[in-house]
Amino acid sequence: MSLEFITKYLPLYEKAAWLTVRIGFAGVVLSIVIGLLCAAIQYYRIPVLSGLTAVYIELSRNTPLLVQLFFLYYGLPKIGVRTDAQVCGMAGLAFLGGSYMAEAFRSGLEAVEKIQMESAQSLGMNRYQTMRYVILPQAFSISVPAFVANVIFLLKETSVFSAISLMDLMFTAKDLIGLYYKMTESLFLLVVFYLIILLPVSILGAALERRVRYAGFGA
Amino acid sequence: MAGPLLQDVPGQDIACGQALLTMEHVTKRFEESLILDDISLTIQKGEVIVLVGSSGCGKSTMLRCINALEPIQGGIIRLGEEQIDPKSRGLTSIRQKIGMVFQSYELFPHMTVLDNILLAPMKVQKRKKADITEEAVILLERVGLKEKAGCFPRQLSGGQKQRVAIVRALCMHPELMLFDEVTAALDPEMVREVLDVILALAAQGRTMLIVTHEMQFARAVADRVLFLDKGKIIENAPPEEFFENPKTERAKQFLNTFSFETVKGKDKQGK
């Protein structure tokens with residue numbers, strides 16, 4: 001393994017890693033927003049919207065991210081919407097992640113028994129207070145393991161961005177292999193950088209799970 | 001835990017002879033089946049009413065209707081002058097006046113015992129945290145759970161959870177307390193500690209409507225016993241009268257299921 005090669009191309013990987021992190025986290029944040037909205041719509045069974053949400057969730061979960069990205073990247077310009085690859089990446093990740101997050105949050109909400117709501121109501125709490133202080137904290141702590149798994153899954157999915165010519169980690173590694181045929185070094189750096197990004201997320205996630213399990217969460 | 005428990009808790013004036021809860025011709029249906037059939041009932045301030053009957057006869061549903069957790073299809077339920085209606089705007093204010101204790105405790109599992117008690121008085125009644133805490137600690141001490149204030153519900157036994165649930169309801173200063181089979185899920189040894197708390201509340205003159213299968217307890221605590229069968233109140237009498245001389249065959253049958261012929265006695269007869 002050539003140490004010289006590694007030190008030479010380290011900055012290139014660093015740049016690519018930032019791109020991965022930026023788009024990855026933006027995508028995750030958007031997924032959370034979409035997920036919360038969809039979960040709320042389904043929980044309250046809002047007419048029409050809940051039907052649309054169900055269609056979106058099935059569409060999003062049952063098609064590969066790569067296909068979704070191709071639709072955005074090659075399809076949108078055809079109907080006159082111009083976007084750059086970064087926006088496409090974020091949108092694609094949010095489209096995929098939204099449904100995964102929605103399912104995680106919805107299962108959490110539905111796992112809180114109805115009688116807990118009645119217990120809160122019998123103490124005179126209104127709908128908002130019941131949701132805010134009794135249902136959501138419990139639903140959230142039930143959702144956390146699935147939520148953490150989704151975040152890690154989505155960050156890893158960024159590796160397909162190279163297909164729409166985003167210069168992320170995967171793209172950089174493939175590029176270097178193609179140019180210099182330094183397979184070992186390029187892949188080594190790729191693995192190391194993914195671990196640098198994902199290990200902290202994983203550790204934070206585990207800490208969050210412990211916190212909501214043992215210390216409770218909420219009011 | 002005997003003695004003057006839970007006295008000087010606000011939320012009630014011991015002025016008997018004034019109707020607190022009235023139900024007039026209340027009907028409740030689940031789809032086709034009739035659960036409550038033309039129920040009329042008045043509970044005076046300070047009265048302790050025990051509701052008995054076989055399972056499925058509508059006892060729990062009646063409590064749930066009183067707390068507007070179930071809509072009714074006919075008749076009217078009033079607390080004082082106010083009508084109880086699941087759709088009314090003033091519902092949350094009426095519910096504050098009615099304390100409810102559930103068979104399955106329903107403490108909030110993500111909060112400590114103290115936070116469980118403080119939540120509604122703070123958020124709903126906007127009372128000062130320090131005041132409620134003081135009151136909560138006094139009440140917890142009286143039910144023997146002062147040192148559990150910082151515990152989570154999962155760290156408590158069933159009987160302890162149920163006593164916390166009672167304190168939580170009391171801290172809202174309700175005018176009427178509803179108990180829905182509160183000892184049905186408890187181990188036999190824990191039943192007593194919960195019933196003692198309810199007895200103490202009765203001694204203090206609280207208005208209560210209690211659903212229970214503990215007949216000894218019913219007899220001790222009740223001013224009046226109501227026997228519900230197929231959604232109708234078919235007996236309404238003081239406990240002595242109900243337990244000694246039930247008027248209906250159905251009530252006799254029901255009470256018989258609680259007594260046993262001894263096997264030894266049968267042996268003797270055989271000889």
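Tutor: Strand β1 of chain B, residues 19-30, and β2(B) pair in the antiparallel sense over eight bridges; strands pair if DSSP finds at least two bridges between them, and helices (H or I, at least four residues) and strands (E, at least two) are DSSP runs numbered from the N terminus. This is a predicted model, in which local features need pLDDT of at least 70 and side-chain atom pairs count only at pLDDT 80 or more, while totals for chains, interfaces and linings use all residues. Residues are numbered from 1 along each chain as its sequence is written, chains are lettered from A and ligands numbered from 1 in the order in which they are written, and side-chain values use heavy atoms, with hydrogens and water left out.

Student: Which residue of β2(B) is the bridge partner of B:Ala19?
Tutor: The partner is B:Gln44.

Student: What is the order of the strands in the open sheet of chain B?
Tutor: The order of the four strands is β2-β1-β4-β5, with antiparallel pairing. Strands β2 (33-44) and β5 (82-83) of chain B stand at the edges with a single partner strand each, so one side of each has no neighbour in the sheet.

Student: How should I read the two faces of a strand?
Tutor: In a regular strand the side chains alternate between the two faces of the sheet. In strand β6 (residues 98-101) of chain B both faces are covered, since B:Ile98 and B:Met100 on one side and B:Gly99 and B:Val101 on the other are all buried; buried means under 20% relative accessible area, exposed over 50%, and partly exposed in between (1.4 Å probe, protein chains only).

Student: Which strand of chain B is joined to β6(B), and in which sense do they run, parallel or antiparallel?
Tutor: Strand β7 (residues 176-180) of chain B is joined to β6(B) by four bridges, and the two run parallel. Within this pairing, B:Gly99 has B:Met177 of β7(B) as its bridge partner.

Student: How is the size of an interface expressed?
Tutor: It is often given as the accessible area lost when the parts come together. Here chain A and chain B bury about 2,000 Å² between them, with 59% of it on carbon and sulfur atoms; buried area is the accessible area (1.4 Å probe) that two parts lose on being put together, summed over both. In chain A, the residues that lose the most area to chain B are A:Ser122, A:Leu123 and A:Tyr133, together 29% of what that side buries. Counted as residues in contact (heavy atoms within 4.5 Å), the interface takes 22 from chain A and 27 from chain B.

Student: How many polar contacts and salt bridges cross between the chains?
Tutor: Seven residue pairs are in polar contact between chain A and chain B, both residues being at pLDDT 80 or more; a polar contact is a pair of N or O atoms within 3.5 Å, where within protein one must be able to donate a hydrogen and the other to accept it, and residues adjacent in sequence count only if both atoms are side-chain atoms. The elements that give two or more residues to the side of chain A that touches chain B are α5 (114-122), α6 (127-157) and α8 (183-214) of chain A, and the largest share, seven residues, comes from α5(A). One salt bridge is found across the interface, the term meaning a side-chain nitrogen of Lys or Arg within 4 Å of a carboxyl oxygen of Asp or Glu.

Student: Which residues form the salt bridge at 2.8 Å, and are they buried or exposed?
Tutor: The side chains of B:Arg64 and A:Glu118 meet there, at 2.8 Å from N to O. B:Arg64 counts as buried at 15% relative accessibility, and A:Glu118 counts as buried at 7%. Leaving aside its neighbours within four places in sequence, A:Glu118 is in contact with B:Arg64, B:Leu69 and B:Phe102.

Student: Where do A:Glu103 and A:Arg106 lie?
Tutor: Both lie in helix α4 (residues 85-111) of chain A, three residues apart, about one turn of the helix. A network of salt bridges links A:Glu58, A:Arg61, A:Glu103, A:Arg106 and A:Glu110.
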